[in-house]
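Here is a short report on the helix packing of one protein model. Please keep the structure open while you read.

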Amino acid sequence: MMKTVTNRHLLKPRRVQFDFAQTPYHWIPNDPFASHLINGIHMILPAGELWFCRIYNKALPLVTDDDLRLDVQGFIRQEAIHARAHSSAHPYLAEYGFETESFTQKINFLFEQLLGDAPLGQPALRKVIPAKQWLITRVGIIAAIEHFTGFLGQWAMDNTSWDKADPVMADLFKWHLAEEVEHRTVAFELYQHLCITEAGFYLSRQALMALAFPLFVKVLMDGYRHLAQQDNNAYQGKLAQQPIWRLLLEMERIGKKSGNVPTFSAFLQATSRWVSPSFHPIHEGNTEQALAYLAKSPAARAAETRH
Ligand SMILES: [Fe+2]
Ligand SMILES: [Fe+2]
């Protein structure tokens, strides 16, 4: 299938660096829940985004559209830097005594084994599922995940509550999420390009979202739990032991009260938009707004002057 041509925009990598020496562990003031939920992302994304890069490098030879190939190459370069930037926050967590290794090992298992080249980590399944089909399925999973990063990206562009937060950490997330808005159409269009029929594209992207949505929510909440249970704050320690629905209610409450995290209901609404046959991520965000943030992001500006 040919890709839907959206706004042509050359994706460029911005080689950012961050210094977290002055960043408190509750980097969103008086909000340990939001701080831990968002810091959990540092433990999830390095493995996840490097997995995106590996899958896309394997998919590149299948791309027959020159514009889309450029988009995919730009996407790979941006995601590789995202992974590195989040890894650079690990010493910051360690400095405050947070153990991350046992959690990142589980994430590595998810991306390197379960979603590796042998389907679900089972070499016997290689005989049942052709390698190309498994590759395209994983491209579809990335498209579903990128719907969430695009949604979170636009949310972060509209957010003002982080203006009161630690400027370095807020800039890391806003720079990253601005680039997620910037490249939000690539994963969807690559998956569309690799699907043989429009009906197959529609049905399979629904099936993959049914898988990706609960997985994404669980991994995000597990990241929160892992950090919150190590916090001296008694409320956070207790909350970390609660079932997932209780954490989602807390996300809803904090999101409504402070705007420091998106509400879970907004997240559900974003997921429901994916169901429409006319869904396209171009309508999910504002590229100009993302580029305006990148033009003023301290880290992106410093990267510009270094090169
Ligand atoms: Fe990213
Ligand atoms: Fe992305």
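## Basis of the model

This is a predicted model, in which local features need pLDDT of at least 70, side-chain atom pairs count only at pLDDT 80 or more, and totals for chains, interfaces and linings use all residues. Residues are numbered from 1 along each chain as its sequence is written, and chains are lettered from A and ligands numbered from 1 in the order in which they are written.

Helices are DSSP runs of H or I with at least four residues, and strands are runs of E with at least two, numbered from the N terminus.

## Helix α7

Helix α7 spans residues 186-194 and is mostly covered. Nine of its nine residues are buried (20 or more other C-beta atoms within 10 Å of the residue's own; exposed means 12 or fewer, partly exposed lies in between, and C-beta atoms are placed from the backbone). Among them are Val186, Phe188, Glu189, Leu190 and His193. The cover over these buried residues includes α1 (32-59), α2 (66-87), α5 (131-158) and α8 (198-228).

## The nonpolar core

A nonpolar core is a set of buried Ala, Val, Leu, Ile, Met, Phe, Trp, Tyr and Cys residues joined through C-beta atoms within 7 Å. The largest one here has 75 residues. Val139, Ile142 and Leu190 have the most contacts inside it. Helix α1 gives the largest share of this core, 14 residues.

Leu190 is in contact with Ala59, Leu68, Val72 and Val139, leaving aside its neighbours within four places in sequence. Contact means that the C-beta atoms, placed from the backbone, lie within 7 Å.

## Helix pairs

Two packed helices are described by the angle between their axes and the distance between the axes. Axes are lines fitted to C-alpha atoms, for helices over the stretch in contact, and angles run from 0 to 180 degrees between N-to-C directions. Under 35 degrees counts as roughly parallel, over 145 as roughly antiparallel, 65 to 115 as roughly perpendicular and the rest as oblique. Residue classes are nonpolar (Ala, Val, Leu, Ile, Met, Phe, Trp, Tyr, Cys and Pro), charged (Asp, Glu, Lys and Arg) and polar (the others, Gly among them).

Take α5 and α8. They pack at about 60°, with axes 9 Å apart, and are therefore oblique to each other. Residues in the contact include Gly140, Ile141 and Phe148 of α5 and Ser204, Arg205 and Phe216 of α8. By class, the contact has nine nonpolar, two polar and one charged. Next, α1 and α8 pack at about 105°, with axes 8 Å apart. That makes α1 roughly perpendicular to α8. The contact includes His36 and Leu37 of α1 and Val219 and Tyr224 of α8. Its residues divide into nine nonpolar, five polar and no charged. Finally, α1 and helix α4 (residues 101-114) pack at about 20°, with axes 9 Å apart. The two are therefore roughly parallel. Met43, Ile44, Ala47, Gly48 and Trp51 in α1 meet Phe103, Thr104, Ile107, Asn108 and Phe111 in α4. That contact has seven nonpolar, three polar and no charged residues.

## Exposed residues

Most residues other than glycine have a negative phi. Asn30, in the segment before α1, has a positive phi of about 60°. Asn30 counts as exposed because it has 10 C-beta neighbours inside 10 Å. Leu120, in the loop between α4 and α5, has a positive phi near 55°. With 12 C-beta neighbours inside 10 Å, Leu120 also counts as exposed.

Ala199 sits in helix α8. Ala199 is exposed, with 10 other C-beta atoms within 10 Å.

Terms used
Contact = placed C-beta atoms within 7 Å.
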